[in-house]
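Open the model in your viewer and show it as a cartoon.

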Amino acid sequence: MKVLVLSTCYPRRSQPNSGIFIHRQVRALADLGAECHVLQPVDWSPPAPIHMLDLSWQYGHLQRKDMLAEVEGIPVHHPSVYHPRPSRFFPGDYWERVGRSVSRYIERRPGLRSADLLYAHFLCHEGYAGLISARRLGIPLVAIARGDDVHAWPARWPDRKLKLAAVLREADGLLACSRRLARDALQWATDGLARPFEVVYNGIDTDRFSPAKSSEQKREARRSLGLPEEKRLLLSVATPIVAKGWLELFDAFVSLGEAAAGWHIVMAGAPRNSDDLNLRAEAKVRGLGAQVHWLGCLPPSKMPDLHRAADAFVLASHNEGLSNSVTEAMASGLPVITTDVGGHSEIIEDGVTGRLVSPGDVDALAAALRATFTDYEASAHIGQAARKRALHIGDHRANAALLLQYFDALLCDVRKFRSKEGKIKTCAEFSAF
């Protein structure tokens, strides 16, 4: 089976962790025998020094230099998306241009043109661009919901609602990384749902993410990262934006007073854009300057040691599909405190395999932190139970096998219901049978 994966979120030189969860699933698909190609669109720019004449051309030039041609053996293609200039004289939708550019790129390359299906991360925007590409190419589209594409983007940008509704109505296959996210996506299916959602978890590498085997291994992990060896460390891994609950975490931590005196907060995450928080400044304003450590974006190879260096994990996010950071912390045997959003309640039993709090509830978050900080025995039991639960979620290979089963069944349906002209029928036409 040949699968084309459409995603703007994929590892690059400056951000090796960007879309790493997508890459791990793609790598697992390839390990199971699928031929996978990633399509990571970039903005077109003319050759240097002409690119300096326009800001978008400058961005496209830097973007292309940052891209990787392959990641761990997975080939990555970069279709160029042209933006007519001056843009005010050439109205049009950016993601429609992406869809057309991707389809033209595929059509010109026989090795890609023979693909069986297009697999888009996320529902929008890639799902919408993928819908345009798949219809032009005559191959089925599968789109997967991850989190923000359901919880944040449609509410923030009204035009996304129409795009999301179109994907939900027309995609040949719909996936979600948690059951709750699949239910949440239904609110945007204003024109109906093409097919029921199928849930496939991302998977966890429980060999890489595992508890420290000894106190010396924990100290060595701390030394390698420049972290204090004699403090208790509370880890949080997330993009430095408001929606990840950083401010609530700081406020809750401050409210604990002496109960948090022996603890430090270790923070890691990939910067995103202009809406990033200055986490050091926010901590300093609250009097936490000496108790926080911002590590920024660490390479994937460092993440297991980061978890082994920690004593507990927290994610106060406002929304999620199913946080990879949470599942990796569980696999590492850490007592996890997180918000009851997305699929967290599907893998965490409150008080047994972790602690769940309502998003935005600083008092509840503070109470959960206090319990973790003061009752070491209970926290140790929760961490052990979390590890056992993580082992049952499945690794990337197991979940990729489920994904391949889904693709196989979908392709059987598509072949069964091809029209006489040999073109794929839309999902609306499928329902007539």
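How many bridges join strand β4 (residues 70–71) to β5? There are 2, and the two strands run antiparallel. This is a predicted model: local features need pLDDT of at least 70, side-chain atom pairs count only at pLDDT 80 or more, and totals for chains, interfaces and linings use all residues. Residues are numbered from 1 along each chain as its sequence is written, and side-chain values use heavy atoms, with hydrogens and water left out.

Two terms for the tour. Strands (E, at least two residues) and helices (H or I, at least four) are DSSP runs, numbered from the N terminus. Two strands pair if DSSP finds at least two bridges between them.

**Stop 1: the hairpin and its neighbour**

Stay on β4 and β5. Select Glu70: its bridge partner in β5 is Pro75. Now pick Glu72. The hairpin has 2 residues between its strands, and Glu72 takes a positive phi near 50 degrees.

β2 pairs with β5 (residues 74–77) in the parallel sense, over 2 bridges. Click Val38 to find its bridge partner in β5, Val76.

**Stop 2: strand β8**

Move to residues 141–145. This is β8, and 5 of its 5 residues are buried (under 20% relative accessible area; exposed is over 50%, partly exposed in between; 1.4 Å probe, protein chains only). In a regular strand the side chains alternate between the two faces of the sheet. Colour the two sides of β8 separately. Leu141, Ala143 and Ala145 lie on one side, Val142 and Ile144 on the other, and both faces are covered.

Now bring in the partners. β7 (residues 117–121) pairs with β8 in the parallel sense over 4 bridges. Ala120 stands opposite Ala143 here. Strand β9 (residues 173–176) also pairs with β8 in the parallel sense, over 4 bridges. Select Ala145 and its bridge partner in β9, Ala176.

Show helix α5 (residues 126–137) as well. β7, α5 and β8 make a right-handed β-α-β unit: with the strands pointing away from the viewer, the path from the first strand over the helix to the second runs clockwise.

**Stop 3: the six-stranded sheet**

Which order do the strands of the open sheet follow? Its 6 strands run β13-β12-β11-β14-β15-β16, with parallel pairing. β13 (292–294) and β16 (355–357) are the edge strands, each pairing on one side only.

Strand β15 (residues 336–339) pairs with β16 in the parallel sense over 3 bridges. Select Ile337, whose bridge partner in β16 is Arg355.
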